[in-house]
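The sequence and structure are shown first.

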Amino acid sequence: MLTKKILTTSAVVAASFLTAPVQARDYIEIVGSSTVFPFATVVAETFGKKTGMPTPKIESTGSGGGMKLFCKGDGIDTPDITNSSRRIKMSEFEQCHKNGVTDITEVLVGFDGIAIANSRIGANFNALTRKSLYLALAAKVPASATGKTWNKEEMIDNPFTNWNEIDSNLPNVAIKVLGPPPTSGTRDALQELAVEGGCKKFPHMKAMKKTNSNEYKKLCRTIREDGKYVEMGENDNLIISKLVNDKNTLGIFGFSFLDQNAEKVKGADIDGSPINFENIASGDYPVSRPLYFYVKNSHRGKIRGMDEFINEFVDEDTFGEEGYLVDKGLIPSPEARRAQFTADGKNATNLKL
Amino acid sequence: MWLEDIESNMNNTKIVQASLKKRYAKERRFKAYGIFSISLSLLFLSFLLFDITHKAMPAFTQTYLKLDIDFSYKNLKLKEGSRYSEKELFSASYRQLTSKSLYEIFPEVTNRKDKKVLRNFVSSGAQYNLRDLVIENPSLIGTKKSIWVLADDDIDSFAKGLIDRNLPESERRIKDNQLVWIDTLEADNRIEKRLNIGFLTQGDSREPEQAGIWGAIKGSFFTMLITLILSFPIGVAAAVYLEEFAPKNNWFVDLIEVNINNLAAVPSVVFGILGLAVYINLFGLPRSAPLVGGLVLFLMTLPTIIIATRAAIKSVPPSIREAALGVGASKMQMISHHVLPLAMPGILTGSIIGMAQALGESAPLLMIGMVAFVADIPQGFMDPSTVLPVQIFIWSDSPERAFIALTSAAIVVLLIFLFLMNLLAIILRKKFETRW
């Protein structure tokens, strides 16, 4: 008897849920980069508290995953905004247009520096350059770099085991680097800015970029897999706690984590440029990347609070030099570019690539 | 003849006696292995519990600052004298209130940069708390009152002794001038640690001092409710059919059984992908809704409940069934009046353990968008929400140091819920248990 009652009730409940029409959304839906996530969430929270409107929901899907969801269609069931720790790619832009997302506004939030750091009590890595990072981390390196052969074209499996084999100014400790896995935007930046940046310093590799760009990318971006580079998952706090226990291991993570853990770890200078706020903002520190968000303008009238949210984001008190995002570790973009993107955000300027 | 028998018996006894010592030693060793395993697991468990509760302790208190807030018309940017609608009070200016009060305590701070550092002593959420205070009690307007406001997480960490003041200044998050100010405030009795009630009543926040777990608890509750009302009746019904009605030695029934057992072993993330494809892409249900989360976890829990229920039904002795049928009960009466009540303790235990498993699950929810920043507390099955394990995951990945304590505190809360659920399973089992 009781069982029967439960059965019928649950069947009715289930049926009513499955056939219920999808409600109109009354909150903003944001997806995208895990690097922009800590900043976007602060803005969302402030927006919610300030205006009393529902706080936007933000999913951390990664830049690529976010673009995929964002460009899936123009309907109300797709996200309104996607965050990205790189600029939108031409292929993504075309995908968007193909699916009816034709009115997109691009806003540059600021910059993020990638720290290469080790324990405060460990060796000093301030002599690091992009070139030595390439030689330490790439799967294959030019044989000429080992000093044993002069054949410039030959690429060999990375033979380096200690930092001072690469550059005598670097400490005599074993190469061990903890960093993000391939799904992470930080990893993309490490590969493109640091490793590839160092790879380009070899003239024959630079020449290869023009003649055989696929092979060039493969050689210059592939990270070694012989245990010297350890993938740690996307948890930067975990990397920092490992660095404290192992003083000569290097870790790779976002600047905001370095900023929060300054008493435990120290960031190395890259190409002679110390990692700090000013150097990342000016572009002197070579391993930094732009952070963007993209707005689906067709949703501006349909979702309550879109305009207000974007205005909150591009406000000087938010992403300006004295804004609250700076307290969270964001490196603001130069004033002229801020002004331009503020105008773009407010006027819903359509992005053209 | 019999003499030989005795002789061989004597021999056997000798053999046995000779090996007896070895056998006893073996038995002792065997027992020792067991004791060793148990103490090892107890050691790990107590280490884990100690580590987590130790790390969680700072999150249960929260530092407050006593400030003399001047709710003057000028500061609030309100016109004097009139009555205010809630909307006017809502949009009045509360941003400067705490900073002005701090500047009054430290009139010597004039430099713009120092002023910024000083005003950041107070949590960015304090202005909204003051706003709520004024809306609740408009008679505050025009008065000056001492009010305890939330301190920023850095000040909070320092007050809890998590930042060492003896470190060189460059390695410390609290700089020398801040130290002086904190000491002054402390000497003035303006700093106080209180129980962090907000942790249990608020939603998520990016500021550790304002972050709470209530949103995640409610999200978990809604999700579990959907899982329960779907998986319990469906699971029990499926198990009853398979045990009592399904033809035996039928290849099709065997196939279903094998598949159910396999489903119970499928990694949970697979159910998330299934949920994404079916519920969100096909049915068009919203992402991040407890309804979808519950539907996904329902799929995951169903095999566990079916298997537990079948085992419970199987353990009801056939004599009970035969007696019921013998006195003229129909098959359905036999099942609903005799078999199910007797199997109930086993069914409930299995279901609760299945639910506890679902409560701790986060991987499948990643696929359907429940791993998200949700600050508002969900009010229903369609509101965006997260669940407890996801909240732990998000906090553990946040850069602010104070989130480490919050992560552990959230784990403690999750463990308490799991403990309560298992306790309930034991109580129900004891209550309904029948011996025959």
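## Contact between the chains

In the contact, chain B contributes 37 residues and chain A contributes 38 residues, two residues being in contact if their C-beta atoms, placed from the backbone, lie within 7 Å. The model is predicted: local features need pLDDT of at least 70, side-chain atom pairs count only at pLDDT 80 or more, and totals for chains, interfaces and linings use all residues. Residues are numbered from 1 along each chain as its sequence is written, while chains are lettered from A and ligands numbered from 1 in the order in which they are written.

On the side of chain B that touches chain A, the elements giving two or more residues are α10 (214-245), α15 (331-359) and β4 (372-373) of chain B; helices (H or I, at least four residues) and strands (E, at least two) are DSSP runs, numbered from the N terminus. The largest share, four residues, comes from α10(B).

## Strand pairing across the contact

Strand β2 (residues 57-59) of chain A pairs with β4(B) in the antiparallel sense over two bridges; pairing requires that DSSP finds at least two bridges between the strands. Ile58(A) stands opposite Phe373(B) in β4(B).

## The sheet of chain B

Chain B holds an open sheet of three strands in the order β2-β1-β3, with antiparallel pairing. Its edge strands, each pairing on one side only, are β2 (144-150) and β3 (191-195) of chain B.

Strand β1 (residues 61-70) of chain B is joined to β2(B) by seven bridges, and Lys66(B) stands opposite Trp148(B) in β2(B).
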